[in-house]
Amino acid sequence: MKQNYLIEKYAQFLPITAETSRKSLGEGTTPLVRSSRLGSELGLENLYFKLETLNPTGSFKDRGMFLAVAKAVESGSEAVICASTGNTSASASAYAALHGIRSFVVVPSGKIALGKLAQATVHGATIIQIQGSFDDALHIVRDITERSPVALVNSVNPHRIDGQKTAAFEIVDELGTAPDLLCIPVGNAGNITAYWKGFTEYQSAGKISSLPKMWGFQAAGSAPIVLGHRVSEPETIATAIRIGNPASWTGALNAQDQSGGKIDSVTDDEILRAYHRLATEEGIFCEPASAASVAGLIKRSQNGENLSQLTAVCVITGHGLKDPDTALSITADRVEVEADVLLVEEAMNLH
(Lines give C-alpha, C1' and ligand atoms only; values in the text may rest on other atoms or scores of the structure.)
Protein backbone atom coordinates (compact mmCIF):
# COMPACT_ATOMS: atom_id res chain seq x y z
CA MET A 1 0.00 0.00 0.00
CA LYS A 2 1.37 3.40 -1.03
CA GLN A 3 2.17 5.58 2.00
CA ASN A 4 0.24 8.83 2.36
CA TYR A 5 2.79 11.50 1.53
CA LEU A 6 0.57 14.42 2.53
CA ILE A 7 0.01 13.04 6.03
CA GLU A 8 3.70 12.16 6.40
CA LYS A 9 4.88 15.62 5.38
CA TYR A 10 2.16 17.89 6.74
CA ALA A 11 0.85 16.00 9.76
CA GLN A 12 1.23 19.02 12.06
CA PHE A 13 -1.21 20.99 9.88
CA LEU A 14 -3.83 18.24 9.42
CA PRO A 15 -6.59 16.96 11.75
CA ILE A 16 -5.34 13.39 11.96
CA THR A 17 -5.27 10.84 14.73
CA ALA A 18 -3.74 7.40 15.11
CA GLU A 19 -7.04 6.01 13.81
CA THR A 20 -7.09 8.09 10.62
CA SER A 21 -6.61 5.92 7.55
CA ARG A 22 -3.29 6.34 5.76
CA LYS A 23 -4.59 4.79 2.54
CA SER A 24 -3.52 6.77 -0.50
CA LEU A 25 -3.78 6.85 -4.28
CA GLY A 26 -0.68 9.04 -4.49
CA GLU A 27 -2.39 12.41 -4.26
CA GLY A 28 -0.35 15.58 -3.92
CA THR A 29 3.26 16.31 -4.92
CA THR A 30 2.04 17.80 -8.19
CA PRO A 31 4.60 19.70 -10.27
CA LEU A 32 5.08 23.45 -10.37
CA VAL A 33 5.96 24.09 -14.01
CA ARG A 34 7.57 27.32 -15.12
CA SER A 35 5.99 29.05 -18.11
CA SER A 36 8.04 28.95 -21.27
CA ARG A 37 6.19 31.68 -23.19
CA LEU A 38 3.17 33.27 -21.54
CA GLY A 39 5.01 34.64 -18.53
CA SER A 40 7.45 36.75 -20.54
CA GLU A 41 4.64 37.97 -22.82
CA LEU A 42 2.75 39.23 -19.76
CA GLY A 43 5.85 40.91 -18.33
CA LEU A 44 6.09 38.67 -15.28
CA GLU A 45 9.39 37.92 -13.63
CA ASN A 46 8.19 34.35 -13.14
CA LEU A 47 5.00 32.53 -14.03
CA TYR A 48 4.34 29.00 -12.84
CA PHE A 49 1.51 26.54 -13.34
CA LYS A 50 0.55 24.28 -10.44
CA LEU A 51 -0.51 21.13 -12.29
CA GLU A 52 -3.22 19.65 -10.10
CA THR A 53 -4.20 17.76 -13.25
CA LEU A 54 -1.66 15.12 -12.19
CA ASN A 55 -3.55 14.02 -9.10
CA PRO A 56 -4.88 10.43 -9.28
CA THR A 57 -8.32 11.21 -10.71
CA GLY A 58 -7.06 14.15 -12.73
CA SER A 59 -8.11 17.08 -10.54
CA PHE A 60 -7.33 19.00 -7.36
CA LYS A 61 -10.30 17.39 -5.62
CA ASP A 62 -8.16 14.40 -4.59
CA ARG A 63 -6.18 16.53 -2.11
CA GLY A 64 -9.21 17.15 0.04
CA MET A 65 -11.04 13.95 -0.74
CA PHE A 66 -8.35 11.64 0.66
CA LEU A 67 -8.82 13.29 4.04
CA ALA A 68 -12.60 13.70 3.90
CA VAL A 69 -13.15 10.01 3.12
CA ALA A 70 -10.51 8.86 5.63
CA LYS A 71 -12.22 10.87 8.39
CA ALA A 72 -15.64 9.58 7.30
CA VAL A 73 -14.40 6.00 7.67
CA GLU A 74 -12.80 6.89 11.00
CA SER A 75 -16.17 8.16 12.26
CA GLY A 76 -17.90 4.93 11.21
CA SER A 77 -19.59 6.01 7.98
CA GLU A 78 -20.23 3.24 5.50
CA ALA A 79 -21.05 5.54 2.60
CA VAL A 80 -20.28 9.01 1.27
CA ILE A 81 -22.38 11.37 -0.81
CA CYS A 82 -21.69 14.51 -2.80
CA ALA A 83 -23.29 16.96 -5.18
CA SER A 84 -21.07 17.51 -8.17
CA THR A 85 -20.41 19.24 -11.45
CA GLY A 86 -18.09 16.32 -12.18
CA ASN A 87 -14.68 16.33 -10.54
CA THR A 88 -15.97 15.84 -7.01
CA SER A 89 -17.96 12.79 -8.10
CA ALA A 90 -14.90 11.26 -9.77
CA SER A 91 -12.75 11.81 -6.71
CA ALA A 92 -15.33 10.79 -4.09
CA SER A 93 -16.11 7.55 -5.87
CA ALA A 94 -12.42 6.67 -6.27
CA TYR A 95 -11.59 7.19 -2.59
CA ALA A 96 -14.75 5.41 -1.50
CA ALA A 97 -13.66 2.44 -3.63
CA LEU A 98 -10.19 2.60 -2.04
CA HIS A 99 -11.77 2.31 1.42
CA GLY A 100 -14.40 -0.26 0.46
CA ILE A 101 -17.45 1.89 1.15
CA ARG A 102 -20.37 3.00 -1.02
CA SER A 103 -20.55 6.31 -2.85
CA PHE A 104 -23.54 8.29 -4.05
CA VAL A 105 -23.24 11.26 -6.37
CA VAL A 106 -26.02 13.70 -7.22
CA VAL A 107 -25.45 15.61 -10.44
CA PRO A 108 -27.40 18.06 -12.61
CA SER A 109 -28.77 16.11 -15.58
CA GLY A 110 -27.04 17.06 -18.83
CA LYS A 111 -24.67 19.48 -17.06
CA ILE A 112 -21.67 17.25 -16.44
CA ALA A 113 -18.76 16.52 -18.78
CA LEU A 114 -18.72 12.91 -19.94
CA GLY A 115 -15.11 12.30 -18.90
CA LYS A 116 -16.04 12.94 -15.28
CA LEU A 117 -19.25 10.95 -15.33
CA ALA A 118 -17.30 8.03 -16.80
CA GLN A 119 -14.96 8.06 -13.82
CA ALA A 120 -17.76 7.96 -11.26
CA THR A 121 -19.38 5.16 -13.23
CA VAL A 122 -16.31 2.95 -13.42
CA HIS A 123 -15.55 3.43 -9.71
CA GLY A 124 -18.95 1.98 -8.88
CA ALA A 125 -20.80 5.06 -7.65
CA THR A 126 -24.57 5.23 -7.60
CA ILE A 127 -25.25 8.22 -9.84
CA ILE A 128 -28.46 10.17 -9.27
CA GLN A 129 -29.23 12.76 -11.94
CA ILE A 130 -31.65 15.54 -11.04
CA GLN A 131 -33.59 18.00 -13.15
CA GLY A 132 -31.97 20.99 -11.54
CA SER A 133 -28.71 22.82 -10.89
CA PHE A 134 -25.63 22.03 -8.82
CA ASP A 135 -27.02 24.30 -6.12
CA ASP A 136 -30.20 22.21 -6.02
CA ALA A 137 -28.06 19.06 -5.78
CA LEU A 138 -26.00 20.45 -2.89
CA HIS A 139 -29.15 21.45 -1.01
CA ILE A 140 -30.51 17.91 -1.43
CA VAL A 141 -27.37 16.10 -0.24
CA ARG A 142 -27.01 18.39 2.76
CA ASP A 143 -30.56 17.54 3.78
CA ILE A 144 -29.92 13.82 3.31
CA THR A 145 -26.81 13.80 5.50
CA GLU A 146 -28.69 15.53 8.30
CA ARG A 147 -31.10 12.58 8.39
CA SER A 148 -28.99 9.60 7.32
CA PRO A 149 -25.66 8.01 8.40
CA VAL A 150 -23.96 9.06 5.17
CA ALA A 151 -20.94 11.41 5.15
CA LEU A 152 -21.10 14.57 3.05
CA VAL A 153 -17.81 15.08 1.19
CA ASN A 154 -18.41 18.35 -0.65
CA SER A 155 -16.13 21.26 0.19
CA VAL A 156 -18.49 22.34 2.98
CA ASN A 157 -16.76 19.47 4.78
CA PRO A 158 -13.84 21.15 6.61
CA HIS A 159 -11.61 18.12 6.00
CA ARG A 160 -11.80 18.86 2.28
CA ILE A 161 -10.44 22.36 2.89
CA ASP A 162 -7.68 21.02 5.14
CA GLY A 163 -6.55 18.56 2.52
CA GLN A 164 -6.65 21.09 -0.32
CA LYS A 165 -4.59 23.66 1.58
CA THR A 166 -1.56 21.35 1.21
CA ALA A 167 -1.17 22.64 -2.36
CA ALA A 168 -0.26 26.05 -0.93
CA PHE A 169 2.34 24.37 1.28
CA GLU A 170 3.88 22.63 -1.74
CA ILE A 171 4.12 25.87 -3.70
CA VAL A 172 5.98 27.56 -0.86
CA ASP A 173 8.21 24.54 -0.29
CA GLU A 174 9.27 24.56 -3.94
CA LEU A 175 9.65 28.31 -4.42
CA GLY A 176 11.19 28.90 -1.00
CA THR A 177 8.67 31.71 -0.43
CA ALA A 178 5.10 32.63 -1.28
CA PRO A 179 4.39 33.94 -4.79
CA ASP A 180 3.26 37.52 -5.23
CA LEU A 181 0.05 36.38 -6.95
CA LEU A 182 -1.99 33.19 -6.75
CA CYS A 183 -4.50 32.91 -9.61
CA ILE A 184 -7.25 30.33 -9.28
CA PRO A 185 -10.63 29.43 -10.79
CA VAL A 186 -13.62 29.98 -8.49
CA GLY A 187 -16.73 27.82 -8.59
CA ASN A 188 -17.97 26.61 -5.23
CA ALA A 189 -15.06 28.63 -3.79
CA GLY A 190 -13.64 25.92 -1.56
CA ASN A 191 -10.28 25.89 -3.31
CA ILE A 192 -9.48 29.60 -2.99
CA THR A 193 -10.55 29.31 0.66
CA ALA A 194 -8.22 26.34 1.13
CA TYR A 195 -5.19 27.97 -0.50
CA TRP A 196 -5.60 31.09 1.60
CA LYS A 197 -5.85 28.95 4.74
CA GLY A 198 -2.67 27.15 3.73
CA PHE A 199 -0.68 30.31 3.13
CA THR A 200 -1.82 31.91 6.40
CA GLU A 201 -1.04 28.76 8.40
CA TYR A 202 2.44 28.64 6.90
CA GLN A 203 2.95 32.28 7.85
CA SER A 204 1.80 31.59 11.41
CA ALA A 205 4.28 28.70 11.56
CA GLY A 206 7.08 31.07 10.53
CA LYS A 207 7.68 29.43 7.15
CA ILE A 208 6.94 32.58 5.12
CA SER A 209 7.03 36.27 5.96
CA SER A 210 4.66 37.58 3.27
CA LEU A 211 1.41 36.40 1.75
CA PRO A 212 0.29 36.39 -1.88
CA LYS A 213 -2.53 38.39 -3.34
CA MET A 214 -5.35 36.00 -4.16
CA TRP A 215 -6.86 36.51 -7.60
CA GLY A 216 -9.91 34.33 -8.16
CA PHE A 217 -11.78 34.12 -11.44
CA GLN A 218 -15.36 33.10 -12.11
CA ALA A 219 -16.96 32.52 -15.49
CA ALA A 220 -18.99 35.57 -16.54
CA GLY A 221 -22.17 33.53 -16.93
CA SER A 222 -21.68 32.05 -13.48
CA ALA A 223 -20.23 34.87 -11.38
CA PRO A 224 -22.35 35.32 -8.25
CA ILE A 225 -19.50 36.60 -6.09
CA VAL A 226 -18.54 39.22 -8.67
CA LEU A 227 -22.18 40.26 -9.14
CA GLY A 228 -22.91 40.18 -5.43
CA HIS A 229 -25.98 37.98 -5.73
CA ARG A 230 -26.97 34.40 -6.46
CA VAL A 231 -27.24 33.38 -10.13
CA SER A 232 -30.28 31.15 -10.50
CA GLU A 233 -29.37 29.69 -13.91
CA PRO A 234 -25.57 29.78 -14.28
CA GLU A 235 -24.21 29.07 -17.74
CA THR A 236 -20.64 28.62 -18.96
CA ILE A 237 -18.61 26.21 -21.04
CA ALA A 238 -16.44 25.78 -17.93
CA THR A 239 -18.72 23.19 -16.32
CA ALA A 240 -16.56 22.70 -13.23
CA ILE A 241 -17.30 26.28 -12.10
CA ARG A 242 -20.92 26.46 -13.28
CA ILE A 243 -22.23 27.25 -9.80
CA GLY A 244 -24.67 30.02 -8.94
CA ASN A 245 -24.49 30.04 -5.14
CA PRO A 246 -21.02 29.05 -3.86
CA ALA A 247 -20.97 27.22 -0.54
CA SER A 248 -17.67 28.88 0.43
CA TRP A 249 -18.69 32.38 -0.66
CA THR A 250 -17.59 33.94 2.64
CA GLY A 251 -14.24 32.13 2.55
CA ALA A 252 -13.58 33.46 -0.95
CA LEU A 253 -14.36 37.03 0.08
CA ASN A 254 -12.10 36.66 3.11
CA ALA A 255 -9.26 35.48 0.87
CA GLN A 256 -9.82 38.43 -1.45
CA ASP A 257 -10.11 41.06 1.25
CA GLN A 258 -7.42 39.84 3.62
CA SER A 259 -4.88 39.38 0.84
CA GLY A 260 -5.64 42.62 -0.98
CA GLY A 261 -6.59 40.51 -3.98
CA LYS A 262 -9.51 40.42 -6.39
CA ILE A 263 -12.30 38.12 -7.50
CA ASP A 264 -13.15 38.90 -11.10
CA SER A 265 -14.92 37.27 -14.03
CA VAL A 266 -13.82 36.12 -17.48
CA THR A 267 -15.98 35.36 -20.49
CA ASP A 268 -16.23 31.95 -22.14
CA ASP A 269 -14.34 33.37 -25.12
CA GLU A 270 -11.51 34.51 -22.84
CA ILE A 271 -11.48 31.10 -21.15
CA LEU A 272 -11.31 29.26 -24.49
CA ARG A 273 -8.51 31.49 -25.78
CA ALA A 274 -6.48 30.79 -22.64
CA TYR A 275 -7.35 27.07 -22.89
CA HIS A 276 -5.99 26.99 -26.44
CA ARG A 277 -2.89 29.03 -25.60
CA LEU A 278 -2.02 26.77 -22.68
CA ALA A 279 -2.17 23.77 -24.99
CA THR A 280 -0.33 25.26 -27.98
CA GLU A 281 2.20 27.50 -26.19
CA GLU A 282 2.86 25.68 -22.92
CA GLY A 283 1.99 22.06 -23.70
CA ILE A 284 -0.61 22.00 -20.92
CA PHE A 285 -3.94 20.31 -21.63
CA CYS A 286 -6.53 21.32 -19.06
CA GLU A 287 -10.29 21.43 -18.80
CA PRO A 288 -11.87 24.83 -19.59
CA ALA A 289 -12.49 25.78 -15.96
CA SER A 290 -8.77 25.46 -15.23
CA ALA A 291 -7.98 27.98 -17.94
CA ALA A 292 -10.00 30.62 -16.08
CA SER A 293 -6.99 31.29 -13.85
CA VAL A 294 -4.81 32.06 -16.88
CA ALA A 295 -7.59 33.93 -18.69
CA GLY A 296 -7.98 36.17 -15.66
CA LEU A 297 -4.26 36.87 -15.44
CA ILE A 298 -4.18 37.77 -19.15
CA LYS A 299 -7.25 40.00 -18.75
CA ARG A 300 -5.79 41.94 -15.84
CA SER A 301 -2.53 42.39 -17.72
CA GLN A 302 -4.39 43.73 -20.75
CA ASN A 303 -6.36 46.06 -18.47
CA GLY A 304 -3.15 47.74 -17.34
CA GLU A 305 -2.16 45.75 -14.25
CA ASN A 306 1.60 46.10 -13.76
CA LEU A 307 3.00 42.58 -13.45
CA SER A 308 6.69 43.39 -13.84
CA GLN A 309 9.05 41.85 -11.29
CA LEU A 310 6.26 39.67 -9.90
CA THR A 311 6.04 35.93 -9.42
CA ALA A 312 2.63 34.43 -10.15
CA VAL A 313 1.25 30.91 -9.85
CA CYS A 314 -1.81 29.84 -11.83
CA VAL A 315 -3.57 26.78 -10.45
CA ILE A 316 -4.49 24.32 -13.19
CA THR A 317 -7.26 22.40 -11.50
CA GLY A 318 -8.37 19.62 -13.88
CA HIS A 319 -7.07 17.61 -16.84
CA GLY A 320 -8.29 18.26 -20.37
CA LEU A 321 -9.49 14.68 -20.78
CA LYS A 322 -12.17 15.50 -18.21
CA ASP A 323 -13.99 17.33 -20.99
CA PRO A 324 -13.13 15.71 -24.34
CA ASP A 325 -16.06 17.33 -26.13
CA THR A 326 -14.51 20.79 -25.79
CA ALA A 327 -11.17 19.55 -27.11
CA LEU A 328 -12.82 17.81 -30.05
CA SER A 329 -14.71 20.98 -30.97
CA ILE A 330 -11.43 22.61 -32.00
CA THR A 331 -10.74 22.37 -35.70
CA ALA A 332 -7.73 20.10 -36.14
CA ASP A 333 -5.01 20.52 -38.74
CA ARG A 334 -5.78 17.29 -40.60
CA VAL A 335 -4.79 16.11 -44.04
CA GLU A 336 -5.76 12.74 -45.55
CA VAL A 337 -3.64 11.18 -48.30
CA GLU A 338 -2.91 7.78 -49.78
CA ALA A 339 -0.37 5.55 -48.01
CA ASP A 340 2.59 6.93 -49.93
CA VAL A 341 5.75 8.46 -48.46
CA LEU A 342 5.96 11.25 -51.03
CA LEU A 343 2.35 12.26 -50.49
CA VAL A 344 2.86 12.30 -46.72
CA GLU A 345 5.97 14.45 -47.13
CA GLU A 346 4.03 16.79 -49.39
CA ALA A 347 1.25 17.04 -46.81
CA MET A 348 3.82 17.94 -44.17
CA ASN A 349 4.69 21.04 -46.19
CA LEU A 350 8.17 21.31 -44.68
CA HIS A 351 9.64 23.31 -47.55
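Me: Which hand does the crossing of α8 and α9 have?
Reply: The crossing of α8 and α9 is right-handed. Bear in mind that this is a predicted model.

Me: Okay. At what angle do the axes of α8 and α9 cross, and within what distance do they come?
Reply: Roughly 50°, and the axes come within 7 Å. Helix α8 covers residues 166–175, and helix α9 covers residues 190–204.

Me: Which residues of α8 and α9 meet?
Reply: On the α8 side they are A167, A168, F169, I171, V172 and D173. They meet Y195, G198, F199, E201 and Y202 of α9. By class, this contact has eight nonpolar residues, one polar and two charged.

Me: How many residues of α8 are buried?
Reply: Seven of its 10 residues are buried, so α8 is mostly covered.

Me: Which ones are buried in α8?
Reply: T166, A167, A168, F169, E170, I171 and V172.

Me: What about just after α8? What phi does G176 take there?
Reply: G176 has a positive phi of about 85°.

Me: Switching to α3 and α4. At what angle do they pack?
Reply: About 45°, with the axes 9 Å apart. Helix α4 is residues 87–99. The two helices are therefore oblique to each other. The crossing of α3 and α4 is right-handed.

Me: Which residues in α3 meet α4?
Reply: K61, D62, M65, F66, V69, A70 and V73. Their partners in α4 are N87, T88, S91, A92, Y95, A96 and H99. The class count for the α3 contact with α4 is eight nonpolar, four polar and two charged residues.

Me: Let's take V69. Where is V69 found?
Reply: In helix α3, residues 61–74.

Me: Is V69 buried or exposed?
Reply: Buried. V69 has a relative accessible area of 0%.

Me: What is V69 in contact with, leaving aside neighbours within four places in sequence?
Reply: V80, Y95, A96, H99, I101 and V153. Y95, A96 and H99 are among the α4 residues that meet α3.

Me: And L211? How many residues apart in sequence are V69 and L211, and how far in space?
Reply: They are 142 residues apart in sequence and 30 Å apart in space, C-alpha to C-alpha.

Me: New topic, D264. Which strand is D264 in?
Reply: Strand β9, residues 262–266.

Me: Why does D264 count as buried?
Reply: D264 has 13% relative accessibility, so D264 counts as buried; the cut-off is under 20%.

Me: Which residues does D264 contact beyond its neighbours within four places in sequence?
Reply: G216, F217, Q218, V226, K299 and R300.

Me: K299, then. Which helix is K299 in, by the way?
Reply: Helix α13. K299 is buried, with a relative accessible area of 19%.

Me: What does K299 touch, not counting residues up to four places away in sequence?
Reply: D264, S265, V266 and E270.

Me: Where does the backbone oxygen of S265 lie in relation to K299?
Reply: The oxygen lies 2.6 Å from a polar atom of the K299 side chain.

Me: On to S308. Where does S308 lie?
Reply: In the loop between α13 (288–302) and β10 (311–316). S308 counts as partly exposed, at 35% relative accessibility.

Me: Which side chain does the S308 side chain make a polar contact with?
Reply: That of N306, at 2.8 Å.

Me: How far apart are S308 and L44 in sequence and in space?
Reply: 264 residues in sequence, but 5.0 Å in space, C-alpha to C-alpha.

Me: What's the phi of Q309?
Reply: Near 70°, a positive value in a residue other than glycine. Q309 is in the loop between α13 and β10. Q309 counts as exposed, at 60% relative accessibility.

Me: Last one, T29. What phi does T29 have, and where does T29 lie?
Reply: Phi of T29 is near 55°, a positive value in a residue other than glycine. T29 lies in the loop between α1 (5–10) and β1 (32–34). At 44% relative accessibility, T29 counts as partly exposed.

Note on methods. Residues numbered from 1 in each chain as written. Predicted model: local features only at pLDDT ≥ 70, side-chain atom pairs only at ≥ 80, totals over all residues. Heavy atoms only, no water. Axes fitted to C-alpha atoms, helices over the stretch in contact; angles between N-to-C directions. Helix = DSSP H or I, 4+ residues; strand = E, 2+ residues; numbered from the N terminus. Left-handed = near helix turned anticlockwise from the far one by under 90°. Contact = heavy atoms within 4.5 Å. Nonpolar A, V, L, I, M, F, W, Y, C, P; charged D, E, K, R; others polar. Buried < 20%, exposed > 50% of the residue type's maximum accessible area, 1.4 Å probe, protein only. Polar contact = N/O pair within 3.5 Å; in protein donor to acceptor, adjacent residues only side chain to side chain. Parallel < 35°, antiparallel > 145°, perpendicular 65-115°, else oblique.
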